[in-house]
Amino acid sequence: MSDKPGHNSGQEDDSGWVDVSSKTGAGGLPTRRLDLMAAFDRMTGGHERVAAWLDALFSRKGAGADLFSRQTVLPVLDRLAAVLSGLIAMILVDRHYGPAGLGVFAWFFSLLAIAGYLGRYGIPVYVENRMARSPESADVLCARALAALLSLGGAAVAVCTLYAFLLAGPGPGSADNFLILLLGPTVFFQNINALKLAMLNGTGRHAAAAGLRIRQRLVFLGATLMLCLFRVPVPLLAGAFLLSQIVMLGLGRKTVRLPGAARVLAGWKQVGQMVDKGRAFLFTDNLLDVVFYADMLILGWFVDPVKLGLYARALILARLFLVAPGGLRSVFRKAANQRVRAGLNGDLVPFVGRTARGMFFVHGLLAILVLGHFQQALELVYDSRQQAAETFAVFALVMPGLIFFSAVTALEPVFEALEKSERLKRMNLAVAAVNLMLNINLIPFAGIDGAAMATSGAMLIHFFLFARLLPAGLRGSIFFWPGAAAALYLTYVLMAWSGMGVFPWILLSPILFGVFLWAGGFFDKPSGRTAG
């Protein structure tokens, strides 16, 4: 499943890297020994390393010049719009229908995320990777991909229609099959739109893809608002998802053109071949972001809709931590493919190291602020202080795993660029299996707290497996996690003990967190291998 640890200096592995790194311990993560002289050197020269690290992270020079350009900002804003639109929609449903209605709405939200992911079968990710490397083959590739996605979408419509009319409704105690009936066509249109986004991202037009998604989410939010104002039955609220996908299909026709009918019909003969190509990427792209929706589906069979709504509140806010990783995933996919195509594998070492450290630093600070003042903010949004406290408790349980997960999840396309997709797939499937087993065992007796613990535990396992299964030349680029965890914990404890308000908290926590991270060697130059 993975490379054997303990390579000797100067040896090559199957990735074409030469070992110049320090030794790694169990799990493929770097180990450290207590060295007083090294600690003294780190103290005397630490400010220079911090300055160099920040300069490299935010500098516009070098290979990562486009990392903080418009092509990056809009994708991140797109992810922020996704979280905010979901949060606002759930608040609207909660206000008009109460926690019970919110539970049904969130249940369909989770079901659509999982069904939509499986319905695409990895084909858009394959198209995006292929176009990033060989844009000259786009016409034939996209025609075949659209034929395959239309076939899969049609199958989803047929299956959901049969299920809706032959079986009972979407959850226990419900006879309403309208949600399932709407699921099929929503997946159908999602498939077509996913290809449009892949065509844009594959050619580096990340801003255009993000703009298209942002407009779709605004349509979804407007439709949800109108349906809530008209007080339609809760199952009809799912129509907002379908309407937004139909509108998105008509948007951006000047920016990206889908293959014509003649090309699609010609590509129908290669549907089976395209499905086989997509299968290699089925469980590689953003799987765990979707898998964690499984909590909602399982909870729907063990807790009442009110508890389900409380969990949905905490989960949608927790997804704020996935805004930057999710938005940057397509940017990093193209950047990694370009480096590999140019033979610059060695540039991936600082690329991975800087990104993981930057993500952990930013999300660690966000966690410290949120844990200190999150419950007060919830009490402003929701009427019941007791429900706000329950939501906060769930959020706090998810937080430890969420911070480490958000530090590395955006870097998963590196596996694809190095043609290690099977390794990434095995890792994601292993984490998904662990998450499922933890949910099945914890939810029956711990309810929503058990679901939160299962999610957090699965995210931590993802981080450790990610570091272990990185191609050997990149393993040393992941930061020293025990020191980072200790810095995070100490900063939060001291800030919470001080009892400061929001603004002093915002001003002092970055300084304190940075000092603790520096003391633990977080800003040290990542070790790795250079291309042989």
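This is a short chat about the predicted model shown above.

Visitor: What kind of model is this, and how many helices and strands does the chain have?
Guide: The model is predicted. The chain has 19 helices and two strands.

Visitor: How much of the chain is buried?
Guide: Of its 532 residues, 54% count as buried.

Visitor: And what about the accessible surface of the chain?
Guide: That surface comes to about 22500 Å². Carbon and sulfur atoms account for 66% of it.

Visitor: What share of the contacts join residues at least 24 apart?
Guide: Take the contacts between residues at least 6 apart in sequence. Of these, 81% join residues at least 24 apart.

Visitor: Let's go inside. How many residues are in the largest nonpolar core?
Guide: The largest nonpolar core has 108 residues. Those with the most contacts inside it are Tyr311, Phe360, Val414, Ile478, Phe479, Phe513 and Leu517.

Visitor: Which helix gives the most to this core?
Guide: Helix α2, residues 70-120, gives the most, with 14 residues.

Visitor: Where does this core lie relative to domain 1 and domain 2, and why?
Guide: The core lies between them, because both give residues to it. Domain 1 covers 68-282 and domain 2 covers 285-479.

Visitor: Are Phe360 and Phe404 buried or exposed?
Guide: Both Phe360 and Phe404 are buried.

Visitor: New topic: aromatic rings. How many aromatic pairs are there?
Guide: The count comes to eleven aromatic pairs. Take Phe188 and Phe189 as one of the pairs. Their ring centres are 5.4 Å apart and their planes are at 90°, so this pair is edge-to-face.

Visitor: Is Phe188 buried or partly exposed?
Guide: Phe188 is partly exposed, because its relative accessibility is 22%.

Visitor: Then why is the pair of Phe360 and Phe404 called tilted?
Guide: Look at the angle. Their planes are at 50° and their centres are 5.2 Å apart, so the pair is tilted. Over 60 degrees would count as edge-to-face, and under 30 as stacked.

Visitor: Which parts of the chain does that pair link?
Guide: It links distant parts, 44 residues apart. Phe360 sits in helix α14, residues 348-381. Phe404 sits in helix α15, residues 385-408.

Visitor: Where is Ser406, and what is it in contact with?
Guide: Ser406 is in helix α15. Leaving aside neighbours within four places in sequence, Ser406 is in contact with Phe321, Pro325, Met359 and His363. Its relative accessibility is 0%, so Ser406 counts as buried.

Visitor: And Ser85, where is that?
Guide: Ser85 is in helix α2. Its relative accessible area is 7%, so Ser85 is buried. Not counting residues up to four places away in sequence, Ser85 touches Arg217, Phe220 and Leu221.

Visitor: What about Arg231 and the ring of Tyr97?
Guide: The charged end of Arg231 sits over that ring, 5.1 Å from its centre. Arg231 is found in the loop between α6 (206-229) and α7 (239-250). Arg231 counts as partly exposed, because its relative accessibility is 49%.

Visitor: What is the phi of Arg231?
Guide: It is near 55°, a positive value in a residue other than glycine. Tyr121 also has a positive phi, near 55°. Tyr121 is found in the loop between α2 and α3 (123-133).

Visitor: Last one: which helix is Trp505 in?
Guide: Trp505 is in helix α19, residues 502-519. With a relative accessible area of 3%, Trp505 is buried.

Visitor: How far apart are the C-alpha atoms of Trp505 and Leu369?
Guide: They are separated by 7.1 Å. Along the chain, the two residues are 136 residues apart. Leaving aside neighbours within four places in sequence, the contacts of Trp505 include Leu369, Ile368, Gly372, His373 and Tyr492.

Definitions and conventions: Residues numbered from 1 in each chain as written. Predicted model: local features only at pLDDT ≥ 70, side-chain atom pairs only at ≥ 80, totals over all residues. Heavy atoms only, no water. Phe/Tyr/Trp six-rings, centres within 6.5 Å; stacked < 30°, edge-to-face > 60°. Buried < 20%, exposed > 50% of the residue type's maximum accessible area, 1.4 Å probe, protein only. Helix = DSSP H or I, 4+ residues; strand = E, 2+ residues; numbered from the N terminus. Lys NZ or Arg CZ within 6 Å of the ring centre and 35° of its normal. Contact = heavy atoms within 4.5 Å. Areas by Shrake-Rupley, 256 points an atom, 1.4 Å probe, with all protein chains shown as cover. Core = buried A, V, L, I, M, F, W, Y, C linked by side-chain atoms within 4.5 Å. Domains from an automatic or database assignment.
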